[in-house]
Amino acid sequence: MSNKLERSRVPVYCPKAKTVELVLDGYRYDMYADKHGWWFSERAGPAGARYAYSVDGADPVADPRALRRPDGVHGPAQQWDPGQRPEPAGFTLLGKVFYELHVGTFTPEGTFDAAIEKLPALAKLGVQVVELMPVAPFPGEFGWGYDGVSLMAVHEPYGGPDGMRRFIEAAHELGLAVCLDLVLNHFGNVGNYIAQLADYYSQKHETPWGPAFDLDGRNRTHVREFLLDTAVYWLEEMGVDGLRLDAVHALVDDSDKHFLAELSDRVKQLEQQLGAPLTLIAESDLNDVKMVTPTDRGGLGMDGQWDDDLHHSLHSLFTGESQGYYSDFAQREAVKRAFENVFFHAGTYSSFRGQVWGHPVDDSVDRTRFVAFSQNHDQVGNRALGDRPSRVLSDAQLAAQAALVILSSYTPMLFQGEEWGSKGPFLFFSDQEDDEQMKQAMRQGRQKEFSAHGWAQLYGKDVQVPDPTSRQTFLDSKLDWPAPTDERANRMLEWYRQLIALRSTEVVVGLPVQVQWDGDVLTMSHDNGLCVSVNFGQTEQPTPSDAVEVLAQWDGAFTPGSAIVYRSESFAGHPGE
């Protein structure tokens, strides 16, 4: 059901229905069924027509495969033609510099068209991949996007699918690839009418957000095809260059061939058809290298995955935080293990989970398969106050964190505003419209998380968690773009540009690094002699004795909290020479 002709005839899967009517611009037309449970109509309507389905005379509901939802998650679908696929970026995303942004808060306007105006600044910075937080339609105006209900459509306040297409084309013209954060593990609760059409849910698996999709039970055939078609649509027809797949550990599947492996094989076939590289990056909590092992070697076939352990070790080391899930990382050895071996928990006991967790990663695994960061939407936005590391760290420390991430052999990712040391919060927000019951449930949920993650230890037990359903919480999260004359911001921006430029010329990406402590000095070194040292002591340190050339230095001296980037005496030439 994935080709354009079939989609133009607005088919719907509804196997138990006795009758299905196509409600097209207010008029009703009988549909006819095939033996597999699909219903069809020869009346597609004119371009831009609104349509929905009435099952056995019930209230009309929208198409699960809708490409546009002009009236929000409670209204009908609308016909929309993707047209010709944009020219691809043409490069694999692994090893490139990512930049994660949320369309609604990235600019004051919160639209794709406004975001397009900022793309040249990202290209000048050296960013190569723009990663968009989810864009699927969700209730009301503001939200993170992880509670979408039309997985092939685009939130209208952002500019709808036309606005997103313009954004993709503008990014590609600047040499930037686009990666979309796609949620395939659940539907949002509000505006979700899928049960009126067919059963998509598992009888034996759950997710933290409600019922799991049925990937291995009686509904598996149409559920898997729906999710596969969704991923392929974004890559093949909308023209994104990669997908970040949200919380794939919630895609519970006991089939002989896991859904992710099937998706990987499908995307590899699509790569051959399009003649362009496509990238799948998983968010996985499993710490298992099987996630990024090719399917022909028994793996799940993802190209890359996020590495939370590296973030946690860095964050705990720089901030001293040890509450909640940071407790295991509050040791200097943690950052060494994470940088050298990918995961800190690699068959070791996780006190937060209460069990042994993870698996080791050997040196043969390409390190660009793992995405490294010191900030992202989760690690900032899920904090009680949405505060960034800049809340407690000096600019020298922020610069040192950036040096370790950007000059690692992993795939580095920045979070919007990080590059100028933004001090503005990024909070959790979710518009629940006028549903007071949902609002109260969400407020209580955030307060419960406040306790579970030990935030009281950090902020104090009397701190009030901002109301996630308030429009003001959303507005407070708008990015605080600096003025052109902001000296602090410009200094940090120049530091990031310098690091990204050094990465392109000095780092042999993908190979393991070595990390050593010498007293209070941490040094990350590459085999070619490129080194990053950070002073965690209380006094100024001398330039490392093995340095033959200083490439970058934050303070002009090796002051407390600062970093120095240099070539050591073991340096044998530029990468590739």
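Two strands are taken to pair if DSSP finds at least two bridges between them. Helices (H or I, at least four residues) and strands (E, at least two) are DSSP runs, numbered from the N terminus. By these criteria, strand S11 (residues 201-207) and strand S12 (residues 210-213) run antiparallel and are joined by three bridges. Glu206 stands opposite Pro211 in S12. The two strands form a hairpin, with two residues linking S11 to S12.

The structure is a predicted model, in which local features need pLDDT of at least 70 and side-chain atom pairs count only at pLDDT 80 or more, while totals for chains, interfaces and linings use all residues. Residues are numbered from 1 along each chain as its sequence is written, and side-chain values use heavy atoms, with hydrogens and water left out.

The pLDDT is the predictor's confidence in each residue, from 0 to 100. Its mean over the chain is 94, and 97% of the residues reach 70 or more. Over residues 1-8 the pLDDT is below 50. Beyond near neighbours in sequence, this stretch has 18 contacts in the model (heavy atoms within 4.5 Å). Residues 572-577 also have a pLDDT below 50. Nine contacts beyond near neighbours in sequence are found for that stretch. Where pLDDT is low, the predicted coordinates should not be read in detail.

Further strand pairings were examined. Strands of a sheet pair through backbone hydrogen bonds, either parallel or antiparallel. An open sheet of three strands has the order S1-S5-S4, and its pairing is antiparallel. Strand S1 (12-13) and strand S4 (32-33) are the edge strands, each pairing on one side only. S4 is joined to strand S5 (residues 38-40) by two bridges. Tyr32 stands opposite Phe40 in S5. Strand S20 (residues 514-518) and strand S21 (residues 521-525) are also antiparallel, with five bridges between them. Trp517 has Leu522 in S21 as its bridge partner. The hairpin of S20 and S21 has two residues between the strands, and Gly519 there takes a positive phi near 65 degrees.

A cavity is a set of points where a 1.4 Å probe fits but cannot get out; a pocket is an open set with protein on both sides within 12 Å along at least five of seven lines; lining residues have an atom within 4 Å of a point. Grid points are joined across faces, edges and corners, and a volume is the space filled by probe spheres set on the points.

The largest pocket has a volume of about 1,600 Å³. Its lining holds 49 residues, and Pro208, Trp209, Asp378, Asn382 and Glu449 are the closest to the centre. Helix H8 (308-319), helix H10 (377-381) and helix H12 (436-452) each supply at least two lining residues. H12 gives the most, with seven. By class, 18 residues of this lining are nonpolar, 19 polar and 12 charged. Here Ala, Val, Leu, Ile, Met, Phe, Trp, Tyr, Cys and Pro count as nonpolar, Asp, Glu, Lys and Arg as charged, and the others, Gly among them, as polar.

Nine cavities of 30 Å³ or more were found in the whole structure. Of its 14 lining residues, Ala62, Val149, Gly191, Tyr193 and Ile194 lie nearest the centre. Nine residues of this lining are nonpolar, three polar and two charged. The second largest cavity holds about 80 Å³ of space. Its lining includes Pro134, Leu180, Asp181 and Trp234. Strand S10 (residues 177-182) gives the most to this lining, with three residues. Eight of the lining residues are nonpolar, two polar and one charged.

Val240 lies in the loop between helix H6 (220-238) and strand S13 (242-245). Leaving aside neighbours within four places in sequence, its contacts include Arg85, Met164, Trp234 and Leu278. Val240 and Leu278 are 38 residues apart in sequence but 8.5 Å apart in space, C-alpha to C-alpha.

Val342 has a phi near 80 degrees. Val342 is located in the loop between helix H9 (332-341) and strand S16 (348-350), and is buried at 0% relative accessible area. Glu433 has a positive phi of about 55 degrees. Glu433 lies in the loop between strand S19 (411-415) and H12, and is partly exposed at 32% relative accessibility.

How values were computed. On a 1 Å grid over the protein atoms alone, a cavity is a set of points where a 1.4 Å probe fits but cannot get out, and a pocket is an open set with protein on both sides within 12 Å along at least five of seven lines; lining residues have an atom within 4 Å of a point. Buried means under 20% relative accessible area, exposed over 50%, partly exposed in between (1.4 Å probe, protein chains only).
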